[in-house]
Amino acid sequence: MPVILDAHSYMGSDLQWAQLGIRSGRLDADAFVRMLDGAGIDGALVAPSGTGIADDFKGDLDRIADGMKRHPGRVIGLCRVRPRKRLAALASLKLRVADQGFKALLLHTSDDEYTLKDRALVDPLVEAAGNLGIPVILDAEDQSWASCLPSMVADIAVDFPTTTFVIARMGFGGVNGWPGSPQELVPAMKRAPNTVTETGSVFLSKFIQDTIEAVGVERVLMGSNAPYMPIELPKVMILKHLNKLGQREKEMVAGGNLARLLNLPS
Amino acid sequence: MASLVYDAHAYLGNSPGWAQMGLPVPLDGDGWVQMMDRSGVHGALVAPPGVGREQFFRPDMDRIAAAIKKYPGRIFGMCRVRPRSGREAVDELRRRVEEQGFSALKMNSLDDSYRFDDRKLLEPIIEAGARLGILLYFHTGDRHGETCQPKMIGDIAVDYPETNFNIGHVGYPGYTDQIIPTLKRAPNAHVETAGVFLPILLQNVVDEVGATRILIGSNGPNSAIELPPVMVNRYMNKLIPEEKALITGGNFRRVLKLDGRAADRRSR
């Protein structure tokens, strides 16, 4: 059976989630796993939601750590930190990875209103992630996409060639014409062979297929941006509607590539 | 019996990029019905894709006309016109609706480099659409979103209170904040969800103006047509089943007057 894994999701609290029928907007590990079960997804790389910034994501990272213990292989921790917290951010990353088994670092430029060009801020965390042997996911929000362009990710990636970097949401390309970087994604990925990308928020099938053909199927991961977006949709899109791909290629995008990247047991 | 699912925004015709999804190109009525059957969708309102702009969309509108004829009740046509062609655009709309059974008008400001607040340019085609009693669909959001803002559609809709308007893409991205004020101001305006997989945004719209004002759309086959009903039925869990049924199909039947048409036919 192929493994189905989501490379981009969130847990914790966000009052907006009540609008989805999530009670009190609180999504804990048990509820998250029920959501995975309902969608036929084996596991997900899950980060604290942005609302956790008030306590530097500590409360939600603790909840994720607990979820990883109770649902091993299904809740996969994605450590989110605030670069402007400097030494505290580095300490949090080391603790979460070395002691609790988190598998990747999320740098979200909206968290501290920075850009990936601010290398003095970003590089220490990237270097630490490299030393810990984990990939780095670089993301932004709709309104701050310009702070996290694929070219900026590539600039960092070429300087840390042994670390894998994930360009979240395909660099915001393909989101109903959102002014991101569909033209920029492929050149950036070609320039930095240690980059991959994930499909969160992207539902333009042609854009995904074009990217796969340009950079290779092993460099595209399925992501959902759940629960802000329904966790099941990328799986349906990839497995049923990206029909230029063969079955084996679909399975790589839908989970195999992430399992390989995170060294998960097959 | 489960209610039927209808897609309020999709494309049929000759768009070479669709081969990237393993679809036949051109995608005709047969291909579309097969795709709907695979996806649990009963019917779709389809327009010619943008690549046909130079030919005024006519070859693809001919394909749509053939599909309407072959698959009544499953394929519905949107007539896409370029308003700068003036009288020709109006005549084309009338012919497609009266002779070929098209059900709606589609306007995208990118097609002729115009703006939705250019009322002098748009008035003849809107008036013709209103007289024909069809749904008037307007694209919003996107890179050219400044030219096609939801509030501009609201301004038109209040002047044609008997006509149904559909605001494509819920103003996403960039203009979603105009949606609720526009829908409140123009009770004959609706939104459709193509490309918008943001259930929180859609639930906010339902909470403010009710479930009768949203129709699912897919942008298919650019995005998979199966996704919007999955989103509404399985991930918008504040909605009651009746509201889900309205959004996934009931509202489509109402704004396209499908039940009225059937009744009309029976009474003749």
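Predicted model: local features only at pLDDT ≥ 70, side-chain atom pairs only at ≥ 80, totals over all residues.
Residues are numbered from 1 along each chain as its sequence is written, while chains are lettered from A and ligands numbered from 1 in the order in which they are written.

Chain A has 9 helices and 9 strands (DSSP runs numbered from the N terminus, with H or I over at least four residues for helices and E over at least two for strands). Its radius of gyration, taken over C-alpha atoms, is 17 Å, close to the 18 Å that the globule rule (2.2 Å times the number of residues to the power 0.38) gives for 266 residues, so chain A is as compact as a globular protein of that length. Buried residues, those with 20 or more other C-beta atoms within 10 Å of their own C-beta atom, placed from the backbone, make up 57% of the 266 residues in chain A.

Strand β5(A), residues 104-108, is mostly covered, with 5 of its 5 residues buried. In a regular strand the side chains alternate between the two faces of the sheet. Here A:A104, A:L106 and A:H108 are buried on one side, and A:L105 and A:L107 are buried on the other. β5(A) pairs in the parallel sense with β4(A), residues 75-80, over 3 bridges (pairing requires at least two DSSP bridges between the strands). The chain passes from β4(A) to β5(A) through helix α3(A), residues 87-99, in a right-handed β-α-β crossover, meaning that the path from the first strand over the helix to the second runs clockwise with the strands pointing away from the viewer. β5(A) also pairs in the parallel sense with β6(A), residues 136-139, over 4 bridges, and there A:L107 has A:L138 as its bridge partner. Helix α4(A), residues 119-132, carries the chain from β5(A) to β6(A), again in a right-handed crossover.

Turning to the partner chain, the contact (C-beta atoms, placed from the backbone, within 7 Å) takes 28 residues from chain A and 29 residues from chain B. On the chain A side, α8(A) gives the most, with 5 residues. Buried residues of α8(A) include A:L233, A:M237 and A:I238, and their cover includes α1, α7 and α9 of chain A together with α8 of chain B.

Notes
Contact = placed C-beta atoms within 7 Å. Buried ≥ 20, exposed ≤ 12 C-beta atoms within 10 Å, placed from the backbone.
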